[in-house]
Amino acid sequence: MAVDNSTSDPHSPRPQLSTVDTAVIAVHFALNVAVGIWSSCRASRNTVNGYFLAGRDMTWWPIGASLFASSEGSGLFIGLAGAGAAGGLAVAGFEWNATYVLLALAWVFVPIYLSSEIVTMPEYMQKRYGGQRIRVYLSVLSLLLSVFTKISIDLYAGALFVHICLGWNFYLSTIIMLAITALYTIAGGLTAVIYTDALQTLVMVVGAVILTIKAFEQIGGYEQLAEAYARAVPSRTISNTTCHVPRADAMHMFRDPYTGDLPWTGMTFGLTIMAAWYWCTDQVRVHGLRGLMVAVMMAALMSSLTSIFNSSSTLFTMDIWKRLRPRAGERELLLVGRLVIVVLVGVSVAWIPVLQGSNGGQLFIYMQSVTSSLAPPVTAVFVLGIFWRRANEQGAFWGLMAGLAVGATRLVLEFLHPAPSCGHPDTRPPILLGVHYLHFAVALFLLSGAVVVAGSLLTPHPQGVQIQSLTWWTLAQDLPSGVKTGDGRASQRYAFWARVCGVNAILLMSVNIFFYTYFA
């Protein structure tokens, strides 16, 4: 029986924005539009290279800011907060795990990308394995994942936040933010995306730091937070069950591999597989801060959407449309790229109602669950292509197909047999009931890898052109021009920044290991 512990009227009016809050939001929008217009005018919008790739001459700091902003979308802000409130600290492992994957990206995968001179990951796969079918499949898969795990989630999370905080109509909130982001993305291409992302990064970092400080001030520190969380019983509970009651291991990172909601085995191995694919997205009410937090959430939404829009339109235009129409001119490609964004928006909005009932409303868990069913085969093919010279197109293709068949089967079963409401018997199929989605990611990765190995060994060796400069063992060591010509100052500068990056990487790993150990 449900017991209502609520002490407030659910229909009570929401807090109104103060003048300071409104001013903060207005300034944020004004700056965002100004930067978007400036960068759109600055961009080479009438060429494919300028629109999709920012002319390949972007400096390092806006690229780094854009990478950060693109990954920290509104789905992450809302999704992580919701998952943390529901299950405790372990969900932080999804972000902490990225430390090692990003270092691998910098030291292993980026040199491969530079050596192979590619634009998109499907293009690398085509160069490495040959043929067209792998490239087309990966492009289509990336577009589908963009719609079902990125755009729709960020739209839903951002609009939900604005709806709760401001009382605006849910779909009106969605349309307004879509109109703003799509406008300068379609107009300015990657240049506009990168520079507006740099602005959003500043807003998000400042806002997140201020919110964290104020939150800990109000609750009294970490120890008080742990005590308060343990006593946080929701307004509605179910008698004779532990439904919705805080977990006993809520403040621990490593949880039981069999009974844990986020088992340490899955968070260590399964998550790393999914993160390799992904990286190679409170209740404090203070005047002024309320407006800042709305601005932060809008910044997170806009930054992630603009990047996804641009990357998805690039994927479709360069990897699919050019294959269908190899003689298409630049004007046609630019038009197609812009139209793709419009189509993506429509499909994503249509998918939002499905999200509202998925995984108990936990957006972040929904995203990880879908990713665990589709991403591991791609990771297996990618990793084997880089580190195993014998991997060939036949093995890679059938490894992807085998992984897709198994992963899609589980995904369909998840939608047909959603988790029952708390207090009801769980009659889902064994593959859902007994195999955690993070453990399933490991099994799917191994299965796909085994098919790739078997298929490659049973078919001819790949050609030399598919190996040279495309694997870790045949990497073209391309140094900066000043270093190659013997410029002593350039060599010293290169060595200095190499040491800085190395020291920072060691420091980052040390901090990460400390956090894992402290919260184990």
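A salt bridge here is a side-chain nitrogen of Lys or Arg within 4 Å of a carboxyl oxygen of Asp or Glu. The structure, a predicted model, holds eight of them.

**Stop 1: helix α16.** Select residues 393–416.

Stop 2: Pick glutamate 393 and arginine 133. Their side chains meet in a salt bridge, 2.6 Å from N to O. Glutamate 393 counts as buried because its relative accessibility is 12%, under the 20% cut-off. Arginine 133, at 36%, is partly exposed.

Move along to glutamate 414 and arginine 410, another salt bridge, at 3.4 Å. The two are four residues apart in α16, so about one helical turn separates them. Arginine 410 is buried, with a relative accessible area of 3%. Other buried residues of α16 include Phe397, Leu400 and Leu411.

**Stop 3: a network.** Select Arg247, Asp249, Arg255 and Asp261, which salt bridges link into a network. Within this group, arginine 255 and aspartate 249 meet at 3.9 Å, N to O. Both of these residues are buried.

**Stop 4: the second largest pocket.** Its volume is about 200 Å³. Two elements, α8 (133–166) and α13 (330–355), each give two or more residues to the lining. Show α13 first: it gives the most, with six residues. Then show Val140, Leu144, Phe148 and Phe316, which are among the lining residues. What kinds of residue make up the lining: nonpolar, polar or charged? Twelve are nonpolar, with no polar and no charged ones.

Conventions
Residues are numbered from 1 along each chain as its sequence is written. This is a predicted model: local features need pLDDT of at least 70, side-chain atom pairs count only at pLDDT 80 or more; totals for chains, interfaces and linings use all residues. Side-chain values use heavy atoms; hydrogens and water are left out. The expected span of a helix is 1.5 Å times one less than its number of residues. Buried means under 20% relative accessible area, exposed over 50%, partly exposed in between (1.4 Å probe, protein chains only). On a 1 Å grid over the protein atoms alone, a cavity is a set of points where a 1.4 Å probe fits but cannot get out, and a pocket is an open set with protein on both sides within 12 Å along at least five of seven lines; lining residues have an atom within 4 Å of a point. Grid points are joined across faces, edges and corners, and a volume is the space filled by probe spheres set on the points. Ala, Val, Leu, Ile, Met, Phe, Trp, Tyr, Cys and Pro count as nonpolar, Asp, Glu, Lys and Arg as charged, and the others, Gly among them, as polar.
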